[in-house]
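Reader: Hi! Could you walk me through this model before I set anything up?
Author: Happy to, here it is.

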Amino acid sequence: MADQDNTHTADAGAYALELVDLRKSFGKTEIIRGTTLAVKPGERVAIIGPNGAGKSTLFNLISGRFAPTSGEIRLNGARIDGLKPYEINRRGLSRSFQVSNLFTRLSVFENVRCAVLWSLGYRYAFWKFLADLRDANDRAEEIIEMIHLDKRRDVLAMNLTYAEQRALEIGITIAGGSNVVLLDEPTAGMSKSETKRFVQLIREVTAGRTLLTVEHDMGVVFGLADRIAVLVYGEVIAFDTPEAVRADARVKEAYLGSVLADQQAAAAGVGAAAPATAGQGA
Ligand SMILES: Nc1ncnc2c1ncn2[C@@H]1O[C@H](COP(=O)(O)OP(=O)(O)OP(=O)(O)O)[C@@H](O)[C@H]1O
Ligand SMILES: [Mg+2]
């Protein structure tokens, strides 16, 4: 439904998302220090790096929550830096938050329908909006099926399990039909088996879209990402395929060596339990 509105085919650049020498300071401290990154349409990119590296800040810049101190952000070829979050969302980018963002006293269905209506509300005149109510309901039902919560449709968000709440958040994030999706630590706090199922869910709901995900679990990173961006102290020190990043001496030294050793020690296989480095409260 909304996809047509979000695809600027005429002036679309070669990239879904581009960051050009992006910088952000809080007071005197520069947190994002000249990040340049170009993500192709349909690509799945994992952003990894130590706690406090600036991963969430980067998402806050891209989604318009913070204005960059300098640099450019392009979405489907068009500048979005300096726009408000809803304007950026309207242009086809949506994000989930590291901390929960649900209406806890509304049901699964109501949460998703709110998100669908919200996205429609900014795109259509009010009479059209009313005419589209039925469409919105249908779309909400579709999304609920997609996130496998159809049997939990009428349960209040507060009564869902933790993993179900995270699934609902993903549903809300994609409800408006955005073609670029940012997920901040979507599997944080999940068990190994929940994580495994959730990665599959992320694959399904983001199929055909561009995905940027912040992730501490290396099993998830290497299983999900086409390319990995390694952010250390506000700088991208590597942006390459999982194999190349894994072999990168600089990455090993700065981050990956110790994290991989920790996670291999903690558990073998995909979806190791959240490591000590996983920040869940930021
Ligand atoms: N609004 C703010 N005002 C001042 N400093 C901030 C603000 N937001 C973030 N910071 C600082 O910026 C740095 C990067 O924080 P950020 O949350 O982006 O890191 P992160 O890579 O997401 O870390 P984590 O892995 O723990 O989630 C931290 O030192 C943090 O204290
Ligand atoms: Mg963070």
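Author: One term before the sheet comes up: two strands pair if DSSP finds at least two bridges between them. Also keep in mind that this is a predicted model.

Reader: Thanks! Which strands make up the open sheet, and in what order?
Author: The open sheet has six strands in the order β6-β7-β8-β3-β9-β10, and the pairing is mixed. Its edge strands are β6 (93-95) and β10 (235-240), each of which pairs on one side only. On average, neighbouring strands are turned by 15° against each other, direction ignored.

Reader: How do β3 and β9 run, parallel or antiparallel?
Author: Strand β3 (residues 44-48) and strand β9 (residues 227-232) run parallel, joined by four bridges. For one of the residues, V45, the bridge partner in β9 is R227.

Reader: Nice. And what does α2 lie across?
Author: Helix α2 (residues 55-62) lies across β3, β6, β7 (180-184), β8 (210-214) and β9. Its direction is at about 150° to β7.

Reader: How many of the residues in α2 are buried?
Author: Seven of the eight are buried, so α2 is largely enclosed by the rest of the structure. The buried ones are K55, T57, L58, F59, N60, L61 and I62. Just after α2, G64 takes a positive phi of about 90°.

Reader: Switching to the core: which residues have the most contacts inside the largest one?
Author: Those are I47, V112 and V230, in a nonpolar core of 68 residues. As a general point, nonpolar side chains tend to be buried together in soluble globular proteins.

Reader: What is V230 in contact with, leaving aside its neighbours within four places in sequence?
Author: V230 is in contact with I48, G49, V236, I237, A238, V245, V251 and Y255.

Reader: OK, helices again. At what angle do α7 and α8 pack?
Author: Helix α7 (residues 162-174) and helix α8 (residues 192-205) pack at about 10°, and their axes are 11 Å apart. Angles under 35 degrees count as roughly parallel, so α7 is roughly parallel to α8.

Reader: Which residues meet there?
Author: From α7 there are A163, R166, A167, I170 and I174, and they meet E194, F198, L201, I202 and V205 in α8. By type, the residues of this contact are eight nonpolar, no polar and two charged.

Reader: Last one, the whole chain: how many helices and strands?
Author: Eleven helices and ten strands. Of the 282 residues, 42% are buried. Among contacts with a separation of 6 or more, 70% are between residues 24 or more positions apart.

Note on methods. Residues numbered from 1 in each chain as written. Chains lettered and ligands numbered in written order. Predicted model: local features only at pLDDT ≥ 70, side-chain atom pairs only at ≥ 80, totals over all residues. Core = buried A, V, L, I, M, F, W, Y, C linked by C-beta atoms within 7 Å. Buried ≥ 20, exposed ≤ 12 C-beta atoms within 10 Å, placed from the backbone. Contact = placed C-beta atoms within 7 Å. Axes fitted to C-alpha atoms, helices over the stretch in contact; angles between N-to-C directions. Helix = DSSP H or I, 4+ residues; strand = E, 2+ residues; numbered from the N terminus. Parallel < 35°, antiparallel > 145°, perpendicular 65-115°, else oblique. Nonpolar A, V, L, I, M, F, W, Y, C, P; charged D, E, K, R; others polar.
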